Amino acid sequence: MNLSSLARQLLLAIALPIVLLVLWWFISANNTSPFWPSLETIFKAFPTTWTADRIMADIMPSLARLALGYGLALIIGVALGTLIGLNRTVRALLEPALEFLRAIPPPVLVPIIALFVGYSGWTGKIAAIALGCLWPILLNTVEGVRGLDEVLVDTSRTYRFRKPTYFYQVVLRGSSPQVATGARQALSLGVIMMVISELFAADNGLGAAIVQAQRSFAIPQMWTGIILLGVIGFLLSVIFRVVEHRALAWYRGLRQSERGS
Amino acid sequence: MSIDTTPAPRERIDTTTPALDVRGLKKVYTGHGRDVEAVRNLTFTIRSGELVCIVGPSGAGKTTLLRCISGLLDVTDGEVVLDGKKVTEPPPGMAVVFQEYGRSLFPWLTVRQNIELPLKEKGLKKAERAEKVQTAIDAVGLTDSADAHPWQLSGGMQQRVAIARAVAYEPSVLLMDEPFAAVDAQTRADLEDLVRDLWHKFKVTVLFVTHDIDEAVYLGERVLVLSHRPTVILEDVKITLPDERSQLETRSTKEFADLRHHVYEQIQKAKQGFRPDGDTA
Ligand SMILES: Nc1ncnc2c1ncn2[C@@H]1O[C@H](COP(=O)(O)OP(=O)(O)O)[C@@H](O)[C@H]1O
Ligand SMILES: [Mg+2]
């Protein structure tokens, strides 16, 4: 796909949000309820709410924790998933337990982790994000590694690929479409966990800012936080898609050629 | 085809050292509640520089045999010796072109990268790799598709990539498992000639497996005829056709027809349950 079709896709993607915003703007224009301030009021609250200081104090820590937690989940999930996927015995042993752990809603992890490290501080929050993101990455990696074409594996064996080459060129790249699927699911979970992990202690971060605003009845400010959260989630998924688009161009081509023949 | 087809001098076939020695090979698949004796007892020797075809009906155990020879599969009994060393794992100096050639190419790599990767693993320097890759690409006639991905190519072209990769690796023994079973007749004829050309050019020992009698006779210097499962060798047929072969001329000679007839008869006998060892299957 070239740039212009990418731009077109982007345009399509933001068309509906724009329409909704416009609707919101007009419907809420003469609103008198303090809980539903007009969109105009909310927009006006933006510059005063999100000053450079606040961005550094709240948004940056949130994003940093998200990046760390998500990165950790990626590394652990792919490494562990590869191990499990390559080894039938390990898989038979661990898979039921993993499916069970996956079924636990990640937000419940937050109070459990807090038992050990408390609600405030970075460790617990990063751990919560990482654990929330881990399962989809792990399980999809297992799936991808297990689905590796055995002819490719035989090919690497007959050409005597060294272990690192085998892991990178065959196992990792071969399972990358499934890893990407898991990573995409994990990203939205990560944003959710980022916010939830900040709600309890409410010391700093975007989630904390929203709770603080709500508790002090700074309703338009609360709404600015929520909108900001939506925008961040959206931007992250756009970035993800662009990266995926480039890294997995071969996979799209392969799928297309399989459908064609 | 643009390849120089002048036959190499005969003396290059070293008649003394065996390149590949298969002794009493037996393979029984176990598991899934029942045992399958795929290969009962195979013994044969391929000399360095020979092009030998193995022909046998579907399910005869041809793939099993190649997987044992290439060290991908443990043998139940007997041994495989390549260049004087017993095979227990995929040995250096061997390349395999699989039956499922399309699936043997890395879809995330281009044609060039697919061919280059094994050379990298062999430890060749960049310049040397580039040169060998280019030679192989040109030799199989893929010059224009070098930077395409495998899935952008037709089946016949994918097969050329798999062959180019094997040839660039400069193996002492090249194993090919029904490589042309899934391509159209015209492509198949081209690829058969390609194999003989490459064999001449790169002086590699080739073991070519097929279920197609014509193909075996046309390509080989020798044809090993396999029985039905459990598999033994029915006959080792020497192919007396001239070294320079052409699809049109060679296939219409009386000699070709006689050889073909002979091999066909053997296979028919095999189908009716004839076994040289007098065993029952
Ligand atoms: N992994 C396996 N487990 C059990 N039986 C197998 C396995 N692979 C092949 N076989 C059996 O061994 C016999 C020979 O198979 P194969 O070597 O693929 O034959 P060919 O390549 O000549 O068609 C067949 O009967 C097949 O069903
Ligand atoms: Mg087969």
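User: Which residues form the nonpolar patch on the surface, and which helix gives the largest share?
Analyst: This is a predicted model. The patch is made up of A:Ile18, A:Leu21, A:Val22, A:Trp25, A:Phe26 and A:Phe43, with about 550 Å² of accessible area together. Five residues, the largest share, come from one element of chain A: helix H1 (residues 3–27).

User: Is A:Phe26 buried or exposed?
Analyst: A:Phe26 lies in helix H1 of chain A. Exposed means over 50% relative accessible area. A:Phe26 has a value of 59%, so A:Phe26 is exposed.

User: Which residues coordinate the magnesium ion (ligand 2)?
Analyst: The coordinating atoms are an OG1 and an OE1, at 2.0 to 2.6 Å. They belong to distant parts of chain B, 36 residues apart: one residue is in helix H1 (residues 62–69), the other in the loop between strand S6 (94–97) and helix H2 (111–122). Partly exposed is the class of both, with a relative accessible area of 29% for B:Thr63 and 29% for B:Gln99. The residues are B:Thr63 and B:Gln99.

User: How far apart do the C-alpha centres of domain 1 and domain 2 of chain B lie?
Analyst: The domain assignment gives domain 1 as 16–93 + 171–252 + 265–281 and domain 2 as 95–170. In contact are 23 residues of domain 1 of chain B and 18 residues of domain 2 of chain B. The C-alpha centres of the two domains lie apart by 23 Å.

User: What parts of chain B does the salt bridge between B:Arg251 and B:Glu192 tie together, and how many residues apart in sequence are they?
Analyst: The closest N and O atoms of B:Arg251 and B:Glu192 are 2.7 Å apart.

User: Are B:Arg245 and B:Glu221 buried or exposed?
Analyst: These two residues form a salt bridge, with the closest N and O atoms 3.4 Å apart. B:Arg245 sits in the loop between strand S10 (231–238) and H7 of chain B, and B:Glu221 in the loop between helix H6 (213–219) and strand S9 (222–226), 24 residues apart. Both are buried.

User: How many salt bridges does a search of the whole structure find?
Analyst: One of them joins B:Glu79 and B:Lys86 at 3.8 Å, N to O. Over all chains, the search finds 35.

Definitions and conventions. Residues are numbered from 1 along each chain as its sequence is written. Chains are lettered from A and ligands numbered from 1 in the order in which they are written. This is a predicted model: local features need pLDDT of at least 70, side-chain atom pairs count only at pLDDT 80 or more; totals for chains, interfaces and linings use all residues. Side-chain values use heavy atoms; hydrogens and water are left out. Donors are N, O and S atoms within 2.8 Å of the metal (3.2 Å for Na, K and Ca); water is not among the atoms, so sites may look incomplete. Helices (H or I, at least four residues) and strands (E, at least two) are DSSP runs, numbered from the N terminus. Buried means under 20% relative accessible area, exposed over 50%, partly exposed in between (1.4 Å probe, protein chains only). Patches are made of residues with over 30% relative accessible area and no salt bridge: like charges are joined within 9 Å, nonpolar side chains (Val, Leu, Ile, Met, Phe, Trp, Tyr) within 5 Å. Accessible areas come from the Shrake-Rupley method with a 1.4 Å probe; for residues, only the protein chains shown count as cover. A salt bridge is a side-chain nitrogen of Lys or Arg within 4 Å of a carboxyl oxygen of Asp or Glu. Domain bounds come from an automatic or database domain assignment. Contact means heavy atoms within 4.5 Å.
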